[in-house]
Amino acid sequence: MRKHLILIAALAIGGCTGTPNRGLESVHQPVVARTDYVFDAATSGDALAPGEAQRLAGWMASMRLGYGDHVAVDDPGSRAVRAHEQIAAQVARYGLLVTDDAPTTDAPVTPGMVRVVISRMKASVPGCPDFSRVGQPDFENHTGSNQGCAINANLAAMVANPMDLVRGQSAGSLTDTASATKAIDSFRKTVPTGAGGLVGGLKDVKK
C-alpha cells in the first residue's frame with residue numbers, strides 16, 4: 001500500500017511540473033532582439049575626412065551589410081551635409097537607405113565626428129525545445145510544453161527581416177494587384193516536377 005501511495009504522489013508531482021500551457025496557442029513565441037553597431041568617422045568641414053570613406057567601406061564589408069539592417073547617421077549638429085551624402089552612397093551599394101533616425105547609443109558623438117549606426121535584428125524562440133512537461137499522464141489537461149517550438153523556431157530562422165515579426169510591412173497608399181497575386185500566379189503556371197517522368201512513361205507504354 002505504501003508503494004502505491006508513493007507512486008501516486010510521484011505521478012501527481014510529475015503532472016504539476018514543467019511549462020504550463022492551458023490553451024492551444026504556443027507559449028513559445030519568437031522574440032526579436034536588436035543589436036546596434038557604431039562607427040565614428042572624422043569630418044573635414046561638411047564632408048568626411050580623407051581616408052574615412054575607405055575605412056567606412058571596409059567596416060560595412062566586414063559587417064556584411066544586407067537586407068533587414070537599419071542604417072542611420074547620428075550627426076547632432078546636422079552640419080556634415082556632404083558626409084551624409086558620402087555615407088548614403090556607401091550604403092546604397094548594398095541596396096539600403098540611410099535615415100537620420102539614429103537610436104540612442106552609450107556615448108555621445110565627439111565634436112567633429114559623425115556616427116554611423118547599424119541596427120541588426122535577430123529573431124529566436126527562447127526556451128525551445130521544451131520537454132519539461134511529460135505528455136502522459138497530465139491531470140491538469142495542459143497542452144504539451146514543446147507545442148509550437150518547431151514551427152516558431154523555423155519562422156524565426158527563415159524570416160528575412162526579423163522586424164516584420166514585430167511590426168510587419170506597410171502596404172502604403174497604393175495597391176498593386178500584380179504583387180498581391182504573384183505567388184499564386186507563379187504556382188499555377190509552374191509545370192509539375194513529375195510531368196517529365198509521366199510523358200516518358202506514356203511513350204514507353206505506346207511502344
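The legends below describe close-up views of a predicted model.

Residues are numbered from 1 along each chain as its sequence is written. Local features need pLDDT of at least 70 and side-chain atom pairs count only at pLDDT 80 or more, while totals for chains, interfaces and linings use all residues; side-chain values use heavy atoms, with hydrogens and water left out.

**View 1. The five-stranded sheet.** Five strands form an open sheet in the order β2-β1-β5-β3-β4, with mixed pairing. Strands (E, at least two residues) and helices (H or I, at least four) are DSSP runs, numbered from the N terminus. Two strands pair if DSSP finds at least two bridges between them. The edge strands, β2 and β4 (98-99), each pair on one side only. β1 and β5 are antiparallel and share twelve bridges; in one of these, A41 has V114 of β5 as its partner. β3 and β5 also run antiparallel, joined by five bridges. β3 pairs with β4 in the parallel sense, over two bridges. V71 has I118 of β5 as a bridge partner, and V71 also stands opposite V98 in β4.

**View 2. The largest nonpolar core.** A nonpolar core is a set of buried Ala, Val, Leu, Ile, Met, Phe, Trp, Tyr and Cys residues joined through side-chain atoms within 4.5 Å. Buried means under 20% relative accessible area, exposed over 50%, and partly exposed in between (1.4 Å probe, protein chains only). The largest core here has 19 residues, of which W59, I87 and V116 touch the most other members. At least two residues come from each of β1 (31-44), α2 (52-63), β3 (70-74), α3 (81-92) and β5 (113-124). The largest contribution, five residues, is from α2. What does I87 touch, not counting residues up to four places away in sequence? I87 touches L48, L56, V73, V98, V114 and V116, where contact means heavy atoms within 4.5 Å. In soluble globular proteins, nonpolar side chains tend to be buried together.

View 3. The twelve residues of α2 should span 16 Å at 1.5 Å a residue, and its end C-alpha atoms are 16 Å apart, which agrees. The expected span is 1.5 Å times one less than the number of residues. E52, A53, L56, A57, W59, M60 and M63 are buried in α2. These residues lie on the same side of α2 because they cover an arc of only 165° around the axis, taken from the directions from the helix axis to the C-beta atoms. The exposed residues Q54 and S62 are on the face turned away from the buried side of α2. The cover over the buried residues of α2 includes β1, β2 (47-48), α3 and β5. Just after α2, R64 takes a positive phi of about 55°.

**View 4. The aromatic pair F39 and W59.** Rings of Phe, Tyr and Trp (its six-membered ring) pair if their centres lie within 6.5 Å; planes under 30 degrees apart count as stacked, over 60 as edge-to-face and the rest as tilted. By this rule there is one aromatic pair. F39 and W59 are stacked, at 5.2 Å centre to centre and 25° between the planes. F39 in strand β1 and W59 in helix α2 are 20 residues apart, and their pair links distant parts of the chain. Are F39 and W59 buried or exposed? Both are buried.

**View 5. Around D74.** D74 lies in strand β3. Apart from its neighbours within four places in sequence, D74 is in contact with A102, V109, V114 and R115. D74 and T104 are 30 residues apart in sequence, with 9.1 Å between their C-alpha atoms.
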